[in-house]
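Please look over the chain shown below before reading on. The briefing then goes through some of its helices and loops by topic.

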Amino acid sequence: MRTRRALLAGLGTLMGGCAARQTPLPPPAALPRERLAPVRVSRDRVIREVVGLRPYRPSGFVVRKEALGGKTLVHNYGHGGGGISLSWGTARLATALATEEGAAPTAVLGCGVAGLTAARLLQLRGARVTIYTKDTPPDTTSNIAGGLWSPVTVYEKARRTDAFFQQFVDASRFSFRYFQYLTGRGYGVRWTPVYYLHPEPGRDSISPTGAMEGISDLFRDVRRVDGPDNPFGTPGGQRVMTLLIEPYTFLDALLRDFFAAGGKLEVREFRDRGEVEALPEPMIVNSTGLGARALFGDEELMPIKGQLVFLLPQPEVDYMTVGPSGIYMFPRKDGILLGGTHERGEWSLDPDPAQSERILNDSARLFGAMA
Ligand SMILES: Cc1cc2nc3c(=O)[nH]c(=O)nc-3n(C[C@H](O)[C@H](O)[C@H](O)COP(=O)(O)OP(=O)(O)OC[C@H]3O[C@@H](n4cnc5c(N)ncnc54)[C@H](O)[C@@H]3O)c2cc1C
């Protein structure tokens, strides 16, 4: 069994390794047409429709430290559409702030992916951790997430500061590395190719100046799938290797690890800062997601509603698709996930039948065109 010292040494190596930047890769080569199992899209294969609210801030997530009465409060919230992808990375930033003066008994507010990953890294730093939360898995937004490793819809370029962008790049790199260590170990994480599909040839989803700015070199085996080589018949596309994270498996595994390491959990809702300040722990990490808007008065934080349709599982489908026209498909163990929607400022948790219809029709057209 590994000692705590060995675990901490491992964590240090991992963190140090993330500082290294990779050299730019050559332009992607074409990928000869692959034979892929089509997704079978029909109304009678639908097993559920779900909605989640992405906790979005146009200027990006918040990881910073402040005083709360005689205590210290470290924020770690507002990850938008990339909270699973960024989780280990922002947890690491928050953990570094929370343990600057040693590992004090720590309260983590929230039991979604941000809270659980922070709780685990704090434990590995030697902190005694109690999670206080209104909801637990499977009833968090983090359970609704699709699970593609791709930190997008996290900030608006015009609103980001240099300091935030550095945090984003550091968090993305650390997180991507950390998830790789979890593959094949019961955490629901696996390498899976994703096809980015475009209505015209030559467009890049993985480019150093697009949505993956600062992290595009993380994506491996990037290949063009334009024209006749495209198995879906869309004029443009790229195929890339990335990770698929199954949220139900991953969050359960984190909870199991948390309890095995002596963590405590109390179900309760906080209504204001005063209730938070009254906690017995001197160190508090705020991972309340969208809940931080009301609890800490962050008016920039807003929901982006996302709706998903699940079909019966198809184990033979071993690739993901993103696009064209805003649809996506991830082949999860708990069903074939079809997305999606991005409705800014929308608080409703009710599925919209018209959106489900659109997702199903567009998906049926895409997978029906596969030869
Ligand atoms: C449809 C959809 C698809 C997505 N797909 C992806 C994807 O493919 N990849 C990806 O990386 N991300 C994806 N995301 C984004 C991801 O789900 C979020 O960024 C992430 O779940 C946020 O995690 P969190 O822990 O901050 O919030 P949450 O999971 O919402 O957890 C917040 C926790 O705080 C607790 N809490 C809140 N307020 C209070 C309070 N007042 N008192 C006590 N407890 C409180 C809650 O009960 C909960 O336990 C998707 C999101 C949606 C909706």
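This is a predicted model: local features need pLDDT of at least 70, side-chain atom pairs count only at pLDDT 80 or more; totals for chains, interfaces and linings use all residues.

Helix H3 is packed against helix H2 and against helix H6. Of the 12 residues in H3, 11 are buried. H2 also crosses helix H5.

**Helix H3**

- H3 is built from 12 residues and spans 17 Å between its first and last C-alpha, which is close to the 16 Å expected at 1.5 Å a residue.
- Most of H3 is covered, with 11 of its 12 residues buried.
- Among the buried residues of H3 are Val 113, Leu 116, Leu 121 and Leu 122, and Arg 120 and Gln 123 are also on the buried list.

**H2 against H3**

- Helix H2 covers residues 83-98 and helix H3 covers residues 113-124; their axes come within 8 Å and cross at roughly 45°.
- Because of this angle, H2 counts as oblique to H3.
- The crossing of H2 past H3 is right-handed.
- On the H2 side, the contact includes Ile 84, Trp 88, Ala 91, Arg 92 and Ala 98, while the H3 side includes Val 113, Ala 114, Thr 117, Ala 118, Leu 121 and Leu 122.
- By class, the residues of this contact of H2 with H3 are 10 nonpolar, 5 polar and 1 charged.

**H3 against H6**

- Helix H6 (residues 247-260) packs with H3 at an angle of about 35°, and the two axes are 10 Å apart.
- H3 and H6 cross in a left-handed way.
- H3 contributes Val 113, Leu 116, Thr 117, Ala 119 and Arg 120 to this contact, and H6 contributes Leu 251, Leu 254, Leu 255, Asp 257 and Phe 258.
- The contact of H3 with H6 is made up of 7 nonpolar, 1 polar and 2 charged residues.

**H2 against H5**

- The axes of H2 and H5 come within 6 Å of each other, crossing at roughly 115°.
- H2 is therefore roughly perpendicular to H5.
- H2 passes H5 in a right-handed crossing.
- Residues of H2 in this contact include Leu 86, Trp 88, Arg 92 and Leu 93, and those of H5 include Gln 167, Asp 170, Phe 174, Tyr 178 and Phe 179.
- The contact of H2 with H5 divides into 7 nonpolar, 7 polar and 2 charged residues.

**The loop between H4 and H5**

- Val 152 lies in the loop between helix H4 (141-144) and helix H5 (162-180).
- Val 152 has 15 other C-beta atoms within 10 Å, so the residue is partly exposed.
- Beyond its neighbours within four places in sequence, Val 152 is in contact with Gly 81, Gly 82 and Ala 211.
- Val 152 and Glu 269 are 117 residues apart in sequence, and their C-alpha atoms are 29 Å apart in space.
- Thr 153 is also placed in the loop between H4 and H5, and its phi is near 55°, a positive value in a residue other than glycine.
- Thr 153 counts as partly exposed because 17 C-beta neighbours lie inside 10 Å.

**The loop between S2 and S3**

- Pro 58 is in the loop between strand S2 (46-56) and strand S3 (62-68).
- Pro 58 has 17 C-beta neighbours inside 10 Å and so counts as partly exposed.
- Pro 58 and Gly 80 are 22 residues apart along the chain, with 8.8 Å between their C-alpha atoms.
- Leaving out neighbours within four places in sequence, the contacts of Pro 58 are Tyr 155, Glu 156, Arg 159 and Glu 300.

**Other backbone details**

- The peptide bond joining Pro 137 and Pro 138 is cis, with omega about 15°; Pro 138 is in the loop between strand S6 (129-133) and H4.
- Another cis peptide bond runs from Gly 339 to Gly 340, with omega near -5°; Gly 340 is in the loop between strand S15 (335-339) and strand S16 (343-344).
- Ser 325 has a positive phi near 55° although the residue is not glycine, and its place is in the loop between strand S13 (320-322) and strand S14 (328-332).
- Ser 325 counts as exposed because 12 C-beta neighbours lie inside 10 Å.

Technical notes. Residues are numbered from 1 along each chain as its sequence is written. Axes are lines fitted to C-alpha atoms, for helices over the stretch in contact, and angles run from 0 to 180 degrees between N-to-C directions. Helices (H or I, at least four residues) and strands (E, at least two) are DSSP runs, numbered from the N terminus. Angles under 35 degrees count as roughly parallel, over 145 as roughly antiparallel, 65 to 115 as roughly perpendicular and the rest as oblique. A crossing is left-handed if the near helix is turned anticlockwise from the far one by less than a right angle, and right-handed if clockwise. Two residues are in contact if their C-beta atoms, placed from the backbone, lie within 7 Å. Ala, Val, Leu, Ile, Met, Phe, Trp, Tyr, Cys and Pro count as nonpolar, Asp, Glu, Lys and Arg as charged, and the others, Gly among them, as polar. The expected span of a helix is 1.5 Å times one less than its number of residues. A residue is buried if 20 or more other C-beta atoms lie within 10 Å of its own, exposed if 12 or fewer, and partly exposed in between; C-beta atoms are placed from the backbone.
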